[in-house]
Amino acid sequence: MALTNSNGVVRSTSVTGEFYDFACKVMLIGDSGVGKTCLLVRFKDGAFLSGSFISTVGIDFRNKIVDVEGTKVKLQIWDTAGQERFRSVTHAYYRDAHALLLLFDVTNRHSFENIRAWVSEIHEYAKDDVVVMLLGNKCDMTSERCVKREEAEKLAKDNKIPYMETSAKSGLNVDLAFLAVAKDLQVKKTRRPNDPKFSVLEFVDQQKQVPSKCC
């Protein structure tokens, strides 16, 4: 059975029977061990993966439908392996991605120093209008932190992309990262010529939570 929304758009149906207006592809990228899978599980299931688990091999994905001001957006979230040997596999998925969440671990300086290489890959393989966000994950681990927030903010500013600090453990800013992506797509789909442009950077700056000393 088809369902038409308030704008007269016929919604599609997911495999779980949920209706949605349109879908977008979101990729989680970054070095191995920065918490991409934990971030996805926190957003999808509201849970935290504690203890040790096997790193993602190649590509994995999950779906979640979010409501953006009455518009149902299906997020197809692709969790990618960060190891170099899988990089050629993940490159093939960049081209049709609508958004890229680029993660580093605030307790791992090497993962932060590799961000410039990841940004170069984005410029080489992704679409020109792809939405990119930089996420400093594991901000709850304050005693082990070795990347200052100011450093990451400067790097993000230099590359003209939004920056947030997230914690898959506490859930800080996790939902916001995905909501910002969905909001951007929703605006692009429904924007009229005279409507003001939507800025992901401004939206994130207005909505994000700044970690306290306890996270």
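1. Glutamate 69 counts as exposed, because its relative accessibility is 64% (exposed means over 50% relative accessible area, buried under 20%, and partly exposed in between, with a 1.4 Å probe and protein chains only). Its salt-bridge partner is lysine 183, with 2.9 Å between the closest N and O atoms (a salt bridge is a side-chain nitrogen of Lys or Arg within 4 Å of a carboxyl oxygen of Asp or Glu). The two residues are 114 apart and link distant parts of the chain: glutamate 69 is in the loop between β5 (59–68) and β6 (71–80), lysine 183 in helix α6 (helices are DSSP runs of H or I with at least four residues, strands runs of E with at least two, numbered from the N terminus). Lysine 183 is buried, at a relative accessible area of 12%.

2. On the basis of these remarks: this is a predicted model, in which local features need pLDDT of at least 70 and side-chain atom pairs count only at pLDDT 80 or more, while totals for chains, interfaces and linings use all residues. Residues are numbered from 1 along each chain as its sequence is written, and side-chain values use heavy atoms, with hydrogens and water left out.

3. The salt-bridge count comes to twelve. One of these pairs joins lysine 25 to aspartate 96, with the closest N and O atoms 2.6 Å apart. Because lysine 25 belongs to strand β4 (residues 22–30) and aspartate 96 to the loop between α2 (87–94) and β7 (99–105), the pair ties together parts that are 71 residues apart in sequence. Lysine 25 is buried, with 6% relative accessible area, whereas aspartate 96 is partly exposed at 44%.

4. A further salt bridge is formed by the side chains of aspartate 67 and lysine 72, at 3.3 Å from N to O. Aspartate 67 is partly exposed, with a relative accessibility of 43%; lysine 72 is partly exposed as well, with a relative accessible area of 27%.

5. Two residues other than glycine deserve a backbone check. Lysine 138 has a positive phi, near 65°, and is found in the loop between β8 (131–137) and α5 (149–158). With a relative accessibility of 21%, lysine 138 counts as partly exposed.

6. The phi of asparagine 173 is positive, near 60°, and the residue lies in the loop between β9 (163–165) and α6 (174–190).
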